[in-house]
Amino acid sequence: MAQVERCSVCTGNGYISCPICNGKGKIRKDTDFLSNNVFKVGGDVERCQTCQGTGKLLCKICNGAGKILVEKPSSTGFRPFS
Ligand SMILES: [Zn+2]
Ligand SMILES: [Zn+2]
């Protein structure tokens, strides 16, 4: 029988923290160089393209629903769907 369970990947949120920007929605371009090849200390902060600046990514496991349908093997053998 199938049972609805909370998605363990996103812990029921339906989204996961973006691994590119660590959920901040912004990334720092530490390796940026100016046109005259002087290293830019600190770098630019720009919006994370992966999560569009939200810091969140849709959970691919549950498709953002936060819950998944789990097939539970019946210990009592075959039973008609109730
Ligand atoms: Zn991101
Ligand atoms: Zn999920």
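1. Five bridges join strand β1, residues 2–6, to β6, and the two strands run antiparallel. The coordinates belong to a predicted model. Two of the residue pairs can be named. Arg-6 of the protein has Lys-67 as its bridge partner in β6, and Val-4 has Leu-69 as its bridge partner in that strand.

2. How many residues of β1 are buried? The number is zero out of five, so β1 lies largely in the open. A residue needs 20 or more other C-beta atoms within 10 Å of its own to count as buried.

3. For the protein as a whole, the secondary structure comes to six strands and zero helices. Read from the N terminus, the order of elements is β-β-β-β-β-β. Buried residues make up 10% of the 82 residues. As for contacts between residues at least 6 apart in sequence, 67% of them join residues at least 24 apart.

4. Ile-61 deserves a paragraph of its own. Where does Ile-61 lie? Its place is the loop between β5, residues 56–58, and β6, residues 67–71. Ile-61 counts as partly exposed because it has 15 C-beta neighbours inside 10 Å; the partly exposed class sits between the limit of 12 or fewer for exposed and the limit of 20 or more for buried.

5. Which residues does Ile-61 touch, not counting those up to four places away in sequence? They are Cys-7, Val-9 and Ile-68.

6. Asn-63 is not a glycine, yet its phi is positive, at about 60°. Is Asn-63 buried or exposed? Asn-63 is exposed, because 11 other C-beta atoms lie within 10 Å, and the cut-off for exposed is 12 or fewer.

7. A positive phi is also found at Thr-11, where the value is near 50° and the residue is again other than glycine. Thr-11 sits in the loop between β1 and β2, the latter being residues 15–17. With 11 C-beta neighbours inside 10 Å, Thr-11 counts as exposed. A student checking backbone angles may look at Thr-11 and Asn-63 together.

8. Thr-50 is found in the loop between β4 and β5, where β4 covers residues 44–47. Thr-50 counts as partly exposed, because its C-beta neighbours inside 10 Å number 15. Leaving aside neighbours within four places in sequence, Thr-50 is in contact with Cys-18 and Ile-20.

Technical notes:
Residues numbered from 1 in each chain as written. Chains lettered and ligands numbered in written order. Predicted model: local features only at pLDDT ≥ 70, side-chain atom pairs only at ≥ 80, totals over all residues. Helix = DSSP H or I, 4+ residues; strand = E, 2+ residues; numbered from the N terminus. Contact = placed C-beta atoms within 7 Å. Pairing = 2+ DSSP bridges.
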